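Here's a quick briefing to read alongside the model. Have the structure open and follow along.

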Amino acid sequence: MKDYLVRATAADAQVRAFSATTRQTVETARQNHNTSPVVTAALGRLLTAGAMMGSMLKGKEDLLTLQVTGDGPMGGMTVTADSMGGVKGYANEPQVILPANSQGKLDVGGAVGSGILRVIRDMGLKDPYVGQTALQTGEIAEDLTYYFATSEQVPSSVGLGVLMEKDNTVKQAGGFIVQLMPFAEEETIQKLESNLSKIRSVTSLLDEGVTPEGLLELVLEGMDFQFLETRDVKFACNCSKERVEKALISIGREEIGNMIADGETIEVKCHFCNKGYHFSIPELKGLLEKCGNK
């Protein structure tokens, strides 16, 4: 199954909902960063959420960034998504190994620890919108549910999951976000809560072959729902040698001069996709000339 997300509405627009399957996207991130299973699960959940939240953006140039900073051994994660289904991300410490939690599952909360969830929406205005909340569990889905309720005052339910194969590749990944609009009636709220209480783990459902549409059919059962849109999801990084050149120029003449003095070709890797860009001494000298008096 290819990676994609669906968007739906229900109960005369009292509810909006999103669902996605993201196995290939998360597996690409795992391969790019050689992440351990628990980091793959954590980053995969955040990538899935990023893809769905990115689809909430209005403009084609709008960008969403999710930042998790925690005191656990993973240190934190950053995910950036656009409005067209493109998403990318990385973990600060990709090779964390932890024992299973008390439920015998990957201990994402232990890897993340206590800290902050930050949501940044860059919509082309003078300043981006920034909202943040304290992490509640470090398990990502619960933290985003809390964020939506407290920072954006939108009652929401978020379900996210990543299932690993025995060879540590990604077997399944996906999730859903369902939100109540301010005018939602009590009957709608109760019906949604009843449906959500019946939902088993997202990864179990995906592993049984349930599609994103199928997930929302379970979440929105009996609520007169309709699907509005289907959109492909993929791991997409827009890094380039030109962008890295600009970053090197920005660090100034002294730093570039030190690199030249070392007399060796340097490699600069993209945080998001881990692709390496090499710069020879002649290329560094060319960048030095572009620095001006910086």
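At what angle do helix α9 and helix α10 pack, and how far apart are their axes? Helix α9 (residues 253-262) and helix α10 (residues 281-290) pack at about 160°, with axes 10 Å apart. That makes α9 roughly antiparallel to α10, a label for angles over 145 degrees. This is a predicted model, where local features need pLDDT of at least 70, side-chain atom pairs count only at pLDDT 80 or more, and totals for chains, interfaces and linings use all residues. Residues are numbered from 1 along each chain as its sequence is written, and side-chain values use heavy atoms, leaving out hydrogens and water.

**Helix pair**
- Arg253, Ile256, Gly257, Met259 and Ile260 in α9 meet Ile281, Leu284, Lys285, Leu287 and Leu288 in α10.
- Helices here are DSSP runs (H or I, at least four residues), and strands are E runs of at least two.

**Sheet**
- An open sheet of 6 strands runs β7-β6-β3-β4-β5-β11, with mixed pairing; strands pair if DSSP finds at least two bridges between them.
- β7 (129-134) and β11 (234-235) sit at the edges with a single partner strand each, so one side of each has no neighbour in the sheet.
- Strand β5 (residues 86-91) pairs with β11 in the parallel sense over 2 bridges, and Val87 stands opposite Phe235 in β11.

**Cores**
- The largest nonpolar core has 52 residues, and Met53, Met74 and Met77 have the most contacts inside it.
- Helix α2 (residues 37-54) gives the most to this core, with 11 residues.
- Such a core joins buried Ala, Val, Leu, Ile, Met, Phe, Trp, Tyr and Cys residues through side-chain atoms within 4.5 Å; buried means under 20% relative accessible area (1.4 Å probe, protein chains only).

Notes: Buried means under 20% relative accessible area, exposed over 50%, partly exposed in between (1.4 Å probe, protein chains only). Axes are lines fitted to C-alpha atoms, for helices over the stretch in contact, and angles run from 0 to 180 degrees between N-to-C directions. Angles under 35 degrees count as roughly parallel, over 145 as roughly antiparallel, 65 to 115 as roughly perpendicular and the rest as oblique. Contact means heavy atoms within 4.5 Å.
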